[in-house]
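My entries follow in the order I looked things up.

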Amino acid sequence: MLMASDDTQTRRDFIVLTASAVAGVGTVAATWPLIDSLNPSADVLAMATVEVDISSIEPGQAITVKWRGKPVFIRRRTEKEIIMARDVNLADLPDPQTDEERIHKGHEEWLVVIGICTHLGCVPQGQRTGSARGEYGGWFCPCHGSHYDTAGRIRKGPAPKNLLIPEYSFLDNSVIRIG
């Protein structure tokens, strides 16, 4: 009788292990499409990086490109704008950052920022020649009156933070890769 009980126990263990394995494989097979659908689509992956030709931008000019559905401001600053950005007392800034922290070393004339106000997400003015740039020569958010300087730092208004800097790199002197 003891032998029969061991034989039954062995069969029961086999059935439990087999049923568990089938249930595990079935669960993976059922959840895989759901998990796979959470991955970014091909069009989103294509927007993960953007290469921008900056060779035709003159000092004092700016362009706007779209990256991950957001406007990115690329401005070629004049010598005067760079001096204005560096001659700021950091104690006067709500979100203190030096100009050097906001640009790439060796490319001081270029400023790349995400063109979304850090207050409530409006797009600041100041990209086009002749548009309102605010009291500090950078950008002006018409929604609630935030003023940004030539380094994209908040100087006046309700915005709590500076304009954000996206991850970017210079591929050469005429092309920037954002992302």
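**Burial and overall form**

I began with burial: 32% of the 179 residues in the protein are buried. I kept in mind that this is a predicted model. The exposed surface comes to about 10800 Å², and carbon and sulfur atoms supply 58% of that area.

Next I listed the secondary structure. I found three helices and nine strands. Along the sequence they follow the pattern α-α-β-β-β-α-β-β-β-β-β-β. The radius of gyration is 28 Å, well over the 16 Å that the globule rule gives for 179 residues, so the protein is more spread out than a compact globule.

**Strand β4**

I then turned to β4 (110-114). I looked at which way the side chains point. W110, V112 and I114 face one way, L111 and V113 the other way, and all are buried. That is the pattern I would look for, because side chains in a regular strand alternate between the two faces of the sheet.

For the pairing, I found five bridges between β4 and strand β3 (residues 70-76), which run antiparallel. One pair I wrote down is I74 with its bridge partner V112 in β4.

**The β1-β9-β8 sheet**

I traced an open sheet of three strands in the order β1-β9-β8, with antiparallel pairing. From one strand to the next, the twist averages 25°. Four bridges join β8 to β9 (residues 175-178). Among the bridge partners, F170 goes with I176 in β9.

**Cysteines**

How many disulfides are there? I count one disulfide. It joins C122 to C143, with an S to S distance of 2.1 Å. The link is left-handed, with -110° about the S-S bond. It connects distant parts of the chain, 21 residues apart: C122 is in the loop between β4 and β5 (137-140), and C143 is in the loop between β5 and β6. C122 is buried, at 17% relative accessible area. C143 is partly exposed, at 38%.

I also checked C117, which is in no disulfide. C117 is buried, at 4% relative accessibility. C141 is buried too, at 2%.

**G152**

My last entry is G152, in the loop between β6 (147-149) and β7 (154-156). Is this glycine buried or exposed? G152 is buried, with a relative accessible area of 0%. Leaving out residues up to four places away in sequence, G152 touches R102, L111, W139, N162 and L163. One of these, L111, I had already noted as a buried residue of β4. I also took a distance to N39, 113 residues away along the chain: the C-alpha atoms of N39 and G152 are separated by 33 Å.

Note on methods:
Residues numbered from 1 in each chain as written. Predicted model: local features only at pLDDT ≥ 70, side-chain atom pairs only at ≥ 80, totals over all residues. Heavy atoms only, no water. Helix = DSSP H or I, 4+ residues; strand = E, 2+ residues; numbered from the N terminus. Buried < 20%, exposed > 50% of the residue type's maximum accessible area, 1.4 Å probe, protein only. Contact = heavy atoms within 4.5 Å. Disulfide = S-S within 2.5 Å. Pairing = 2+ DSSP bridges. Axes fitted to C-alpha atoms, helices over the stretch in contact; angles between N-to-C directions. Rg over C-alpha atoms; globule rule 2.2 N^0.38 Å. Areas by Shrake-Rupley, 256 points an atom, 1.4 Å probe, with all protein chains shown as cover.
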